[in-house]
Amino acid sequence: MKLERILQNQGFGSRRQCRQLVELGEVRIAGEVMDNPGAEIATAGLVFEVEDENWTYREKTYVALYKPAGYECSHEPKHHRSVYSLLPYQLVARDVQSVGRLDVDTTGLLLFSDDGAFIHNLSSPKKHVPKTYRAELAEDGTEALVQQLLDGVDLIEEPQPVRALTARLLAERTLELSVDLGKYHVVKRMIAAAGNHVEQLHRSGFGGLTLGQPPLADLAEGDWVYLEAADLQQLHPAA
Ligand code: URA
């Protein structure tokens, strides 16, 4: 693929801007300055440098972010900063989208990709990908609350009762639960329907990926990492 095209589809700007980067001597491969924007370069395993930063060529890109509170999952946020402001501009230019959304006050694991099929697969209710949440409750949790969530609660506009796949109390006011639905405010609504109230919500896991465990062991709040092929396998066998 032509070098300028590689740079463009990896998010470094318009064709003209990418050509300029090359002409300014800002692009290197294996330490060598590339001065021909039209040079044909093999993309398999390609690592290149732009303005002294290393990049690996990725046909599609997959990213995990530890979302802090106070960020909206929108490109056009209304009252807060955008989660996209936590990602490098090259990823935003590649048009990565979040896989579902977290509320502005929810923290935790949020995935992004520019692979539409991947996003669709993980978002589809038919795929039953579980997401695990830790909810800080306004009132002490009880075994009756846990049982209600496991049995299913009625939510407005949901034709069937909505069930948690798992639910357990970690502390008097800390409830861990997993759900495979991606509905608006689903966890807060479920807990409200069961007679309690969520004060703080954190998503600790998405499919087989869990914050604090490899490959997300060192991911700090506000940070992001690329997900590699093996990580995607861990996420969902079909992804
Ligand atoms: N359920 C909610 O209520 N909020 C979230 O952010 C995610 C799931």
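**Exercise 1. Find which polar atoms of the protein lie by the ligand's oxygen and nitrogen atoms, and say how far away they are.**

Step 1. Start with Thr106: one of its polar side-chain atoms is 2.9 Å from a ligand oxygen atom, a polar contact being a pair of N or O atoms within 3.5 Å. This is a predicted model, where local features need pLDDT of at least 70, side-chain atom pairs count only at pLDDT 80 or more, and totals for chains, interfaces and linings use all residues. Residues are numbered from 1 along each chain as its sequence is written, and side-chain values use heavy atoms, leaving out hydrogens and water.

Step 2. Turn to the backbone: an N or O atom of His185 lies 3.1 Å from an oxygen atom of the ligand, while a polar backbone atom of Val186 is 3.4 Å from a ligand nitrogen atom.

**Exercise 2. Describe the shell around the ligand by residue, class and helix.**

Step 1. List the residues with a heavy atom within 4 Å of the ligand: Leu102, Asp103, Thr106, Tyr133, His185, Val186, Val187, Lys188 and Leu201.

Step 2. Sort them: 5 are nonpolar, 2 polar and 2 charged, with Tyr counted as nonpolar.

Step 3. Look for the largest share: helix H6 (residues 186-193) gives 3 residues (helices are DSSP runs of H or I, at least four residues).

**Exercise 3. Explain why the ligand lies between two domains.**

Solution. Domain 2 (62-125 + 208-235) and domain 3 (130-206) both contribute shell residues, so the ligand lies between them; the bounds come from an automatic or database assignment.

Technical notes
A polar contact is a pair of N or O atoms within 3.5 Å; within protein, one must be able to donate a hydrogen and the other to accept it, and residues adjacent in sequence count only if both atoms are side-chain atoms. Helices (H or I, at least four residues) and strands (E, at least two) are DSSP runs, numbered from the N terminus.
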